[in-house]
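Here is a short note to read alongside the structure. Keep the view open and find each residue as it comes up.

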Amino acid sequence: MHVAVALYKLGSCAEYRVISNQFGIHKSTVKKFVYLFCKGMIQSPIKQLIKVPDEVETLELVRRFEAISRIPQIMGLIDGTHIPVLPTTDGYRDCVNRKGWPSYVLQGVVDDKGCCKMPGSAHDATVLHQSELFQKAHLLPKGVKNIEGEEVRLLVVGDPAYPSLDWLIKGYTNSPNVTPEQESFNVYLSSLRVGVEMAFGKLKSRWRGLLKRSDFHFSFAPMMIVTCCALHNFCEKLEEFSQSNDIFHQPVQPVNVSTSNSGINAREVLTKYLASEFPLRHGHLH
């Protein structure tokens, strides 16, 4: 029964007292079942469900991403989404995000599913720099390929709030000086980036405990969030059907102007490649 109780809690917005009535058990028992389930997930199954892809899996990801967007050498999409929490009184201000409500930031790499948490007031770039992904970026697959006479490594795509790094690429900042080729690159890149927004939408629609401020203790929230991510990956692996294509709009982050020469060079090479191989497209990166 404890698994059913835990899944009911994570998959709904119901409070402990509602679930206790549903299953005919005390609400303290509901809480115990949920905590034990999440702790059990963290200790073992999560290592198989949330992991960096191996070389073969990475090459398949790159192939699929290129089929979607025409952009080669893309192995993942990174973004953050806000999860409502109940912070302590003395930590409330640190957790309030740009829309005025307290949250943790869940950062994920789609198809890589690396996750971390930070207070809601943190900028996406701050979350990135504090994450295990950033600390171990040197271990990411490189898979260098020659494009337009230049060597380009495998890349992760981020939005304008992220810095440009040797392994992380983002679009050009919108300005009157953007060339048609650069504008076209932004449009191609945007067709990829919507994937991570849809992934977060499916995650929250499937595990609705992530949608509203629940009665979880704030210190337990990260464990609950990661458990939901692991369960989401499990459902995706089984190709469990989800009706949702919802995109939950998040607090807007300011543009990050930090750059690396290798990241800028990779973007320029890919811009040149797309302009020479495919029709120019009009629009802009949102």
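1. **Overall make-up.** This is a predicted model. The protein has 286 residues, and 48% of them are buried. Its secondary structure comes to 11 helices and 7 strands. Look next at contacts between residues at least 6 apart in sequence: 71% of these join residues at least 24 apart.

2. **Helix 1 against helix 3.** Start with residues 2–10, which form helix 1, and residues 27–43, which form helix 3. Their axes come within 8 Å and cross at roughly 90 degrees. Helix 1 is therefore roughly perpendicular to helix 3.

3. **Who meets whom in that pair.** Helix 1 brings His 2, Val 3, Val 5, Ala 6, Leu 7, Lys 9 and Leu 10. Helix 3 answers with Val 30, Phe 33, Val 34, Phe 37 and Cys 38. By class, this contact has 10 nonpolar residues, 1 polar and 1 charged.

4. **Helix 9, end to end.** Helix 9 covers residues 180–206, which is 27 residues. From first C-alpha to last, helix 9 reaches 40 Å. That is close to the 39 Å expected at 1.5 Å a residue. Helix 9 also has a kink of about 30 degrees, centred on Ser 191.

5. Is Glu 183 buried or partly exposed? Glu 183 counts as partly exposed because its relative accessibility is 24%, and buried means under 20%. Glu 183 sits in helix 9. Setting aside neighbours within four places in sequence, Glu 183 is in contact with Val 178, Arg 281, His 282 and Gly 283. Leu 280 is 97 residues away from Glu 183 along the chain, yet their C-alpha atoms are separated by 8.3 Å.

6. **Helix 9 against helix 10.** Two packed helices are described by the angle between their axes and the distance between the axes. For helix 9 and helix 10 (residues 221–237), the angle is about 105 degrees and the axes are 10 Å apart. So helix 9 is roughly perpendicular to helix 10. From helix 9, the contact uses Ala 199, Lys 202, Leu 203 and Arg 206. From helix 10 come Cys 228, Cys 229, His 232, Cys 235 and Glu 236. The residues of this contact divide into 5 nonpolar, 1 polar and 3 charged.

7. **Positive phi at Arg 70.** Most residues other than glycine have a negative phi. Arg 70 is not a glycine, but its phi is positive, at about 75 degrees. Arg 70 lies in the loop between helix 5 (55–69) and strand 1 (74–84). With a relative accessible area of 41%, Arg 70 is partly exposed.

8. **Positive phi at Glu 148.** Glu 148 has a phi near 55 degrees, again a positive value in a residue other than glycine. Where is Glu 148 found? Its place is the loop between strand 4 (145–147) and strand 5 (150–152). Glu 148 counts as partly exposed, at 33% relative accessibility.

9. **A buried loop residue.** Ala 161 is in the loop between strand 6 (155–157) and strand 7 (168–169). Ala 161 has a relative accessible area of 3%, so this residue is buried. Asp 124 lies 37 residues from Ala 161 along the chain, and 6.1 Å separates their C-alpha atoms.

Conventions:
Residues are numbered from 1 along each chain as its sequence is written. This is a predicted model: local features need pLDDT of at least 70, side-chain atom pairs count only at pLDDT 80 or more; totals for chains, interfaces and linings use all residues. Side-chain values use heavy atoms; hydrogens and water are left out. Axes are lines fitted to C-alpha atoms, for helices over the stretch in contact, and angles run from 0 to 180 degrees between N-to-C directions. Helices (H or I, at least four residues) and strands (E, at least two) are DSSP runs, numbered from the N terminus. Angles under 35 degrees count as roughly parallel, over 145 as roughly antiparallel, 65 to 115 as roughly perpendicular and the rest as oblique. Contact means heavy atoms within 4.5 Å. Ala, Val, Leu, Ile, Met, Phe, Trp, Tyr, Cys and Pro count as nonpolar, Asp, Glu, Lys and Arg as charged, and the others, Gly among them, as polar. The expected span of a helix is 1.5 Å times one less than its number of residues. The bend at a residue is the angle between axes fitted to the seven residues ending there and the seven starting there. Buried means under 20% relative accessible area, exposed over 50%, partly exposed in between (1.4 Å probe, protein chains only).
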